[in-house]
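Subject: Structure for you to look at

Hello,

Here is the structure I promised to pass on. Please open it and keep it on screen while you read.

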Amino acid sequence: MTSLAGTGVLLRFNLRRDRLMIPVWVAVNALMVLSMPSTLEGLYGTEAERADLLHQVATNSSFRALIGPVFGDSLGALTAWRVGVYAGALAAVTSLLIVVRHTRDEEESGRQELLSSGVVGRRASLTAALLAAATANAVLALLVTAGLAGRGVAGALALGLGLGAVGMLFATAAAVVAQLTESARLARGLTAAVLGAAFVLRAAGDSVSTDGSSVLTWLSPLGWLSQLRPFAGERWWLLGLFAAAVAAQGALAYVLAGRRDLGMSFLPTRPGPASGRLGTASALAWRLQRGGVLGWSTGFFLAGVVYGGLTDGVADLVGDNEQAREIFERMGGRSGITDAFLASMTGMLGLLAALFIVAAVLRLHGEETSGRAEPVLANAVGRLRWATGHLVIAFGGSVLIMLLAGLGFAVGYGKEAGPILGACLVQVAGVWVIGGLTVLLYGLVPRLAPLAWGVAGAVLLIGWVGPALDAPRAVLDLSPFSHLPKLPGGAMEWGPVLVLLALAAALVAGGLAGLRRRDLTT
């Protein structure tokens with residue numbers, strides 16, 4: 001039997017398991033990219049407006065750090081500038097989740113041992129996971145290339161291949177980390193930390209250089225993506241750099257996979273205490289989730305500092321562009337461009353916090369399906385008590401990260417913290433609705449619990465793309481965040497906030513009632 005025996009069957013199985021997650025995340029990413037040219041055409045329709053934008057970006061280091069340098073004034077080049085880094089980061093997140101789920105997650109749950117008892121080669125699971133990620137990235141590349149081909153075939157192909165290359169680079173990085181660690185949670189966290197470091201390096205390099213020539217930029221794969229320069233004199237040789245990195249990381253993952261026992265790792269996990277601070281279900285939940293809470297908290301605080309530092313320059317960047325002003329006002333209200341920007345950015349962080357609460361709630365699903373919940377529930381611990389420990393962290397953690405985001409805004413902006421803290425905390429009502437829906441799906445129909453990622457992705461798409469495309473009010477109202485007051489600057493309206501909080505409480509109650517009555521997943 002070869003080391004790749006059974007790869008085809010495992011690949012079909014992986015794609016079937018991800019038949020919801022992959023299409024949703026690829027669609028969100030593709031729509032984010034493909035909707036941008038029409039938006040930019042409305043914002044910067046004339047050569048003079050585009051020339052002014054290029055001048056503003058070249059002279060504003062904060063915006064270069066946030067988005068990157070711009071290399072051309074065509075709508076294609078502006079699209080690659082505006083969404084390239086973020087689309088690449090989203091492709092990276094999708095890829096690392098796919099690979100870790102089908103490698104280390106399977107080993108940690110014991111399912112891989114069952115599969116390995118059949119005609120399955122030693123490296124078949126790793127190969128199938130990488131092929132599943134490659135499929136997702138290939139579809140993304142195809143959609144972006146086809147959708148932007150009218151703006152220039154070469155540029156569209158470069159951007160599509162660049163996004164797919166970033167995804168595969170982080171897929172192979174996740175494959176390496178999955179061999180080194182014994183925990184799927186740690187594998188996801190470490191790979192996400194690598195992605196965060198790549199973003200920070202690119203931001204630091206682009207802030208000091210208008211053409212991306214900084215050494216820091218070249219240390220980041222996200223910097224390579226911007227330096228590929230789609231629609232602005234493509235640098236095709238950079239795809240070779242991506243290919244070399246993917247090949248090197250993939251080869252290392254294969255070597256490591258062949259030198260360890262199933263379920264083992266090269267970085268052993270330190271045994272934790274069996275009593276004391278792990279003597280309760282809530283303490284165990286905190287031990288399991290504290291790394292995620294710390295990572296999200298740090299990221300949100302730093303994001304608040306960055307966005308706060310950009311606030312004073314927003315008025316100069318928007319200038320007399322009425323279309324840009326209208327988009328900010330649709331996102332953040334009509335109380336002035338500065339307040340509208342702050343409201344729109346706090347709203348964006350609220351949308352991202354929805355991803356945190358979905359991940360934290362679904363930790364319950366992971367503990368149940370892996371069999372780790374059974375030993376806990378076999379003791380004097382009821383289901384509601386066990387679930388409450390995780391839900392307190394999920395819902396309380398969302399409050400914490402939004403609070404830290406507000407403090408970051410206050411630090412970066414240098415103004416009174418009260419209004420911005422209020423603007424961040426009001427987003428919690430929308431976040432809790434998404435969390436409540438996740439609890440409901442998990443409690444009533446656990447096999448459909450991963451659909452919560454699709455809901456969060458749809459809400460993210462509505463919040464990011466809807467205002468830019470001036471989507472109908474009926475579409476925007478599908479998101480709970482569109483019903484929140486636009487703070488700071490706008491009037492505080494308690495009615496919608498209380499309704500959303502009541503809805504979240506009802507959803508959580510329904511989910512817990514379902515969990516209490518159903519059988520555990522086997």
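Below is what was found in it, topic by topic.

Please note that this is a predicted model.

**Two helices side by side**

Start with helix H6, residues 75-102, and helix H11, residues 184-208. Their axes come within 10 Å. They cross at roughly 165°. Angles over 145 degrees count as roughly antiparallel. H6 and H11 are therefore roughly antiparallel to each other. The crossing of H6 past H11 is right-handed.

Which residues make the contact between H6 and H11? On the H6 side they are Val85, Tyr86, Ala89, Ala92, Val93, Leu96, Leu97 and Val100. On the H11 side they are Ala184, Ala187, Arg188, Thr191, Ala192, Leu195, Phe199 and Arg202. Sorted by class, this contact has 13 nonpolar residues, one polar residue and two charged residues.

**Salt bridges**

How many salt bridges does the structure hold? There are eight.

Begin with glutamate 106 and arginine 17. Their side chains meet in a salt bridge, at 3.0 Å from N to O. Glutamate 106 sits in helix H7 (residues 104-109) and arginine 17 in helix H1 (residues 7-17), so this pair ties together parts that are 89 residues apart in sequence. Arginine 17 has 23%, so it counts as partly exposed.

Next, look at arginine 101 and aspartate 18. They form a salt bridge whose closest N and O atoms are 2.2 Å apart. Arginine 101 belongs to helix H6, and aspartate 18 to the loop between H1 and helix H2 (21-34), so the pair ties together parts 83 residues apart in sequence. Aspartate 18 counts as buried, because its relative accessibility is 1%.

Aspartate 105 is in helix H7 and arginine 188 in helix H11, so the pair links distant parts of the chain, 83 residues apart. Arginine 188 counts as partly exposed, at 25% relative accessibility.

**A serine in H17**

Find serine 344 in helix H17, residues 337-369. Its relative accessible area is 2%, so serine 344 is buried. Now look for proline 488. It is 144 residues from serine 344 along the chain. How far apart are the C-alpha atoms of serine 344 and proline 488? They are separated by 9.7 Å.

**One loop, two positive phi angles**

Last, go to the loop between helix H13 (221-227) and helix H14 (237-257). Arginine 229 is found there. Its phi is positive, about 55°, although arginine 229 is not a glycine. At 17% relative accessibility, arginine 229 counts as buried.

Phenylalanine 231 lies in the loop between H13 and H14 too. Phenylalanine 231 has a positive phi of about 65°, and it is not a glycine either. With a relative accessible area of 14%, phenylalanine 231 is buried.

Best wishes

Definitions and conventions: Residues numbered from 1 in each chain as written. Predicted model: local features only at pLDDT ≥ 70, side-chain atom pairs only at ≥ 80, totals over all residues. Heavy atoms only, no water. Axes fitted to C-alpha atoms, helices over the stretch in contact; angles between N-to-C directions. Helix = DSSP H or I, 4+ residues; strand = E, 2+ residues; numbered from the N terminus. Parallel < 35°, antiparallel > 145°, perpendicular 65-115°, else oblique. Left-handed = near helix turned anticlockwise from the far one by under 90°. Contact = heavy atoms within 4.5 Å. Nonpolar A, V, L, I, M, F, W, Y, C, P; charged D, E, K, R; others polar. Salt bridge = Lys/Arg side-chain N within 4 Å of Asp/Glu carboxyl O. Buried < 20%, exposed > 50% of the residue type's maximum accessible area, 1.4 Å probe, protein only.
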